[in-house]
Amino acid sequence: MPSREAPQPPYVLLFEEAAPGAEPLMISVDDRPALPLFDSNEKAEAFLSSADFGPDWKPVEVSGMGLIAVLESVRGHVEYVALNPPPVSEGGMRVEMGGLEELIEALEQGRQEDDLFGLGGLSNN
């Protein structure tokens, strides 16, 4: 993902349970371990319903900070992020992949740019 911008919200991951510390679904794409990341619940649901991961997996929308935390928690397990993988039934899957480390870096950089005055994202609403 070096020449691309980081994906934009919403960030949707797949979990068996939406609890702190829960591990997200990880898949293999061309023998490369990857974390599937979706930009909508609909795409995540279509992917889930096309594969047999079991009935307990659900799409969960996470914040930017939540996404960074999850990405950091799966370091050592996966090196890639699969962006909006299509439903399994759609024949030869062509999946856009990005490096896990590059995505973490891009998200952290974007967060720093959004916090120009060091206020931690405070707004004057």
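Two residues are in contact here when heavy atoms of theirs lie within 4.5 Å. By that criterion, and leaving aside neighbours within four places in sequence, Asp39 is in contact with Pro10 and Asn84. The structure is a predicted model, in which local features need pLDDT of at least 70, side-chain atom pairs count only at pLDDT 80 or more, and totals for chains, interfaces and linings use all residues. Residues are numbered from 1 along each chain as its sequence is written, and side-chain values use heavy atoms, with hydrogens and water left out.

Asp39 is placed in the loop between β3 (32-37) and α1 (41-50); helices (H or I, at least four residues) and strands (E, at least two) are DSSP runs, numbered from the N terminus. The relative accessibility of Asp39 is 32%, so the residue counts as partly exposed. In this scheme, buried means under 20% relative accessible area, exposed means over 50%, and partly exposed covers the values in between (1.4 Å probe, protein chains only).

Pro10, one of the contacts of Asp39, is found in the segment before β1. Although Asp39 and Pro10 are 29 residues apart along the chain, their C-alpha atoms are separated by 5.4 Å. Pro10 is also joined to Pro9 by a cis peptide bond, with omega of about 5°.

Asn84, also in contact with Asp39, has its place in the loop between β5 and β6 (96-99). Asn84 counts as partly exposed because its relative accessibility is 25%. Its phi is positive, at about 45°, although Asn84 is not a glycine. A positive phi is likewise found at Asp30, about 50°, and Asp30 is not a glycine either. The place of Asp30 is in the loop between β2 and β3, and with a relative accessible area of 66% Asp30 is exposed. As background, most residues other than glycine have a negative phi, and most peptide bonds are trans.

## Charged pairs

Side chains of opposite charge can pair when their charged atoms come close. A salt bridge is defined as a side-chain nitrogen of Lys or Arg within 4 Å of a carboxyl oxygen of Asp or Glu. The structure holds two salt bridges, listed below.

| Salt bridge | Closest N and O atoms |
|---|---|
| Lys43 and Asp39 | 2.9 Å |
| Glu101 and Arg75 | 2.8 Å |

Glu101 is partly exposed, with a relative accessible area of 41%. Arg75 counts as partly exposed at 37% relative accessibility.

In the other pair, Lys43 counts as partly exposed, its relative accessibility being 40%. The side chains of Asp39 and Lys43 also make a polar contact, at 2.9 Å. A polar contact is a pair of N or O atoms within 3.5 Å; within protein, one must be able to donate a hydrogen and the other to accept it, and residues adjacent in sequence count only if both atoms are side-chain atoms.

## Aromatic rings

A pair of aromatic rings is described by the distance of the centres and the angle of the planes. Rings of Phe, Tyr and Trp (its six-membered ring) pair if their centres lie within 6.5 Å; planes under 30 degrees apart count as stacked, over 60 as edge-to-face, and the rest as tilted. The structure holds two aromatic pairs. Phe38 and Phe47 form a tilted pair, 5.6 Å centre to centre with 45° between the planes. The rings of Phe47 and Phe53 have their centres 5.8 Å apart and their planes at 35°, so this pair is tilted. Through these ring pairs, Phe38, Phe47 and Phe53 are linked into a cluster.

Both Phe38 and Phe47 are buried, with Phe47 at 2% relative accessibility. Phe53, by contrast, is partly exposed, its relative accessible area being 28%.

A further ring is approached by a charged side chain: Arg32 lies over the face of Tyr80, at 4.9 Å from the ring centre. A charge sits over a ring if NZ of Lys or CZ of Arg is within 6 Å of the ring centre and within 35 degrees of the ring normal.

## Pro20

Pro20 lies in the loop between β1 (11-15) and β2 (27-29) and counts as exposed, at 85% relative accessibility. The C-alpha atoms of Pro20 and Val70 are separated by 9.7 Å, while the two residues are 50 residues apart along the chain.
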